[in-house]
Amino acid sequence: MYQTIVTSVADRVLTIQLNRPDTLNALNTQVMEEVLDCASGHDADPDIGCIVLTGNDRAFAAGADIAELMVQDYASMYASDFFAGWDRFAALRTPKLAAVEGYALGGGCELAMMCDVIIAADTARFGQPEIKIGCIPGIGGTQRLTRLVGRACAMDMILTGRMIDADEALRMGLVSRVVPVADLAPTATEIATRIAKAPKDIAMMATACVREAEQSPLSAGIRFERQMYHALYGSAAQKEGMSAFLEKRAPNFR
C-alpha cells in the first residue's frame, strides 16, 4: 500500500519505519502524506496505544528532500502551505515515540521533535543545518528546539548548523534516553508497549497537559491540567485503577 514507509502492529503499538534508504530517508511530500495517512488512520483506534516512528541504521531522516524543494517558489510554497501535513501529524493525540539512529538532521530532527518521547542510539546525530543551504528550519525547528533545549543551545545549533551527538542531545534535553545501538529497537519496543498498556484516553489527557505546558503560562497550564484531572473522574480507567490499588491487585484496563 505504501511506497516510502513500512508499517507493522504488535502489542497495541503501531510502528512506522521510513523507507527511502537511497536518500537517507529524505522527507518529501509522499513521505509526509503516507506517514500522516497511516498514523491518523490509527489515531482514534482504541487498539493502538502508541505510535513508534523510526528509520534505518544510517538515518532516521537526513532532512527534507532538496530536489523537491529546489524547484519551488514563494507562490507555490504559500499556495500549498508546504509542510502543513506535518502539523497535523504533530497534533495527533496518540502518544508518539521516535527511535533514532544515524542522522536526524533538518526535517529529520524536526520530525523527531514532533514525537512525545525520543530514544536515541549512541550512533544518532542531530542538527538543524538549513543555514548551510541558504535556508532556515521550516517544520517547526526554530520553535520546538527552543522549547526543548533553550534559547542559547537552539541559537548555537541553528546559526552554526553544527551536528551534535546523542550524549550532547541528552545533556541538552533534546532526547529522553541514549542506549547502545543494538539496544535501540528492544528499548523502544519496551517503552512503547508500556505506554500502550495504559488506558488510551488517560494517556492522551496526560500528553495534552504536557503539550499545553509548552504553549501556555503556568496559571493557564495548571487550570488546563486541573480540568483534565477533574474530567477523568467517573471514567472506567479511573475506577478500575483506584479499585485495583485499594484491592492490592494489578489493574485490568479494558
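Buried residues have under 20% relative accessible area, exposed residues over 50%, and partly exposed residues lie in between (1.4 Å probe, protein chains only). The model is predicted, with local features requiring pLDDT of at least 70 and side-chain atom pairs counting only at pLDDT 80 or more, whereas totals for chains, interfaces and linings use all residues. Residues are numbered from 1 along each chain as its sequence is written, and side-chain values use heavy atoms, with hydrogens and water left out.

**View 1. A nonpolar surface patch that includes Val-71.** Val-71 is found in the loop between helix 2 (66–70) and helix 3 (74–80), helices being DSSP runs (H or I, at least four residues) numbered from the N terminus. At 67% relative accessibility, Val-71 counts as exposed. Together with Ile-66, Met-70 and Ile-133, Val-71 forms a patch with about 460 Å² of accessible area (Shrake-Rupley method, 1.4 Å probe). Such nonpolar patches join side chains within 5 Å, from residues with over 30% relative accessible area and no salt bridge (a Lys or Arg side-chain nitrogen within 4 Å of a carboxyl oxygen of Asp or Glu).

**View 2. Helix 12 and its cover.** Within helix 12 (residues 236–246), Ala-237, Gln-238, Glu-240 and Ala-244 are buried. The cover over the buried residues of this helix includes helix 10 (200–213), where contact means heavy atoms within 4.5 Å. Just after helix 12, Lys-248 takes a positive phi of about 55°.

**View 3. Cysteines without disulfides.** With a disulfide defined as a pair of cysteine sulfur atoms within 2.5 Å, the count comes to zero. The sulfur of Cys-115 is 9.0 Å from the closest cysteine sulfur, in Cys-50, and is therefore too far for a bond. Cys-209 is also in no disulfide, the nearest cysteine sulfur, that of Cys-50, being 18 Å away. Cys-115 counts as buried at 8% relative accessibility, and Cys-209 counts as buried at 17%.

Note on methods: Helix = DSSP H or I, 4+ residues; strand = E, 2+ residues; numbered from the N terminus. Patch = residues over 30% accessible without salt bridge, like charges linked within 9 Å, V, L, I, M, F, W, Y side chains within 5 Å.
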